[in-house]
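The sequence and the structure come first.

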Amino acid sequence: MTPKLILTGFMATGKSSVGPLVARRLGWEFVDLDSVIAARAGKPIAQIFADHGEAHFRRLEREVVAHLTGDRRRCPQCHGPHPGVISTGGGVLLDESNCAALRRAGVIVCLTARPEVVAARVKRSKTTRPKLAEGGKSTLTRIKELMVERADAYARADVQIDTSDLTVDEVADRVISAFAAHAARRCAPSADGVRSA
Ligand code: S3P
């Protein structure tokens with residue numbers, strides 16, 4: 001069986017650069033959850049937050065997680081679940097139902113980075129991130145605050161990879177190795193012949 005590879009983690013940890021690269025290397029389909037949400041809503045994520053608030057965005061996010069993790073297609077070669085890489089927004093694991101659905105669908109790989117590295121990447125990025133603008137604090141203060149708040153949620157991932165000092169290529173290598181190790185572990189028959197996960 002080849003489950004989905006789910007890439008998550010704090011904002012600006014490299015998910016959008018690494019996701020498509022990993023998918024290309026594996027020859028799998030790539031889906032970016034936030035792009036699906038924005039397409040469904042007909043507006044960018046920051047505009048969804050501005051027009052309808054975070055609760056509405058989280059509802060859309062849950063709907064799209066349920067849709068993507070309910071993929072019933074089969075792999076044409078092995079006839080197992082259809083393989084794919086799903087990249088999510090940084091808040092997806094905060095919701096327990098998202099977390100459970102993603103866990104059932106595949107291996108959750110969480111990218112991390114030091115707060116200072118995230119702050120520098122955010123500064124260079126063109127993406128508007130409403131969660132970092134909340135409270136009128138400095139970006140670095142807000143990043144540290146959110147990282148503390150979210151530590152337990154990110155700890156639910158199968159594996160965490162610190163991207164602070166790695167190139168995109170190096171992160172992609174580690175993501176693929178971690179995924180392979182975890183997917184193999186899930187499929188390994190236990191001593192009594194019952195699958196372990
Ligand atoms: C969010 C992260 C964003 C986007 C939304 C909320 C978050 O995605 O989903 O602004 O709560 O961390 P990125 O992690 O791709 O920036």
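The notes below are grouped by topic, beginning with the pockets.

The model is predicted. The largest pocket holds about 750 Å³ of space, and the second largest pocket holds about 270 Å³.

**Largest pocket**

- The lining of the largest pocket consists of 35 residues. Those nearest the centre are Ala-12, Lys-15, Ser-16, Thr-127 and Arg-129.
- Two or more lining residues come from each of helix H1 (15–26), helix H3 (45–52), H4, helix H6 (115–124), helix H7 (130–133) and helix H9 (168–187).
- H1 is the element that contributes the most, with 4 residues.
- Sorted by class, this lining has 14 polar, 11 nonpolar and 10 charged residues.
- Ala-12, one of the residues nearest the centre of the largest pocket, sits in the loop between E1 and H1. Its relative accessible area is 11%, so Ala-12 counts as buried.
- Ala-12 has a positive phi of about 60°, although it is not a glycine.

**Second largest pocket**

- The second largest pocket is lined by 15 residues. Thr-69, Asp-71, Arg-72, Arg-104 and Ala-105 are the ones nearest its centre.
- H4 and helix H5 (96–105) are the elements that each give two or more residues to this lining.
- The largest share, 3 residues, is from H5.
- By class, the lining of the second largest pocket divides into 6 nonpolar, 6 charged and 3 polar residues.

- Thr-69 belongs to helix H4, which covers residues 54–69.
- Thr-69 has a relative accessibility of 19%, and it is called buried because the cut-off is under 20%.
- The backbone oxygen of Val-65 is 2.7 Å away, and that of Ala-66 lies 3.4 Å from a polar atom of the Thr-69 side chain.
- Setting aside residues up to four places away in sequence, Thr-69 touches Ala-101, Leu-102 and Ala-105.

**Helix H5**

- Arg-62 is a residue of helix H4. With a relative accessible area of 32%, Arg-62 is partly exposed.
- Apart from neighbours within four places in sequence, Arg-62 is in contact with Asp-95, Ser-97 and Asn-98.
- The side chains of Arg-62 and Asp-95 make a polar contact at 3.0 Å.
- Arg-62 and Asn-98 are 36 residues apart in sequence, with their C-alpha atoms 6.3 Å apart in space.

**Helix H3**

- Ile-45, Ile-48 and Phe-49 are buried in H3. They cover an arc of only 100° around the axis, which means that they lie on the same side of H3.
- What covers these buried residues includes helix H2 (33–41), H4 and H7.

**Val-18, in helix H1**

- Val-18 is part of helix H1. Val-18 has a relative accessible area of 2% and is buried.
- Leaving out neighbours within four places in sequence, the contacts of Val-18 are Leu-7, Leu-111, Val-168, Val-171, Ala-172 and Val-175.
- Val-18 and Asp-173 are 155 residues apart in sequence, and their C-alpha atoms are 9.6 Å apart in space.

Technical notes: Residues numbered from 1 in each chain as written. Predicted model: local features only at pLDDT ≥ 70, side-chain atom pairs only at ≥ 80, totals over all residues. Heavy atoms only, no water. Buried < 20%, exposed > 50% of the residue type's maximum accessible area, 1.4 Å probe, protein only. Polar contact = N/O pair within 3.5 Å; in protein donor to acceptor, adjacent residues only side chain to side chain. Contact = heavy atoms within 4.5 Å. 1 Å grid on protein atoms, 1.4 Å probe; cavity = no way out; pocket = protein on both sides within 12 Å on 5 of 7 lines; lining within 4 Å. Points joined across faces, edges and corners; volume = space filled by probe spheres on them. Nonpolar A, V, L, I, M, F, W, Y, C, P; charged D, E, K, R; others polar. Arc of directions from axis to C-beta.
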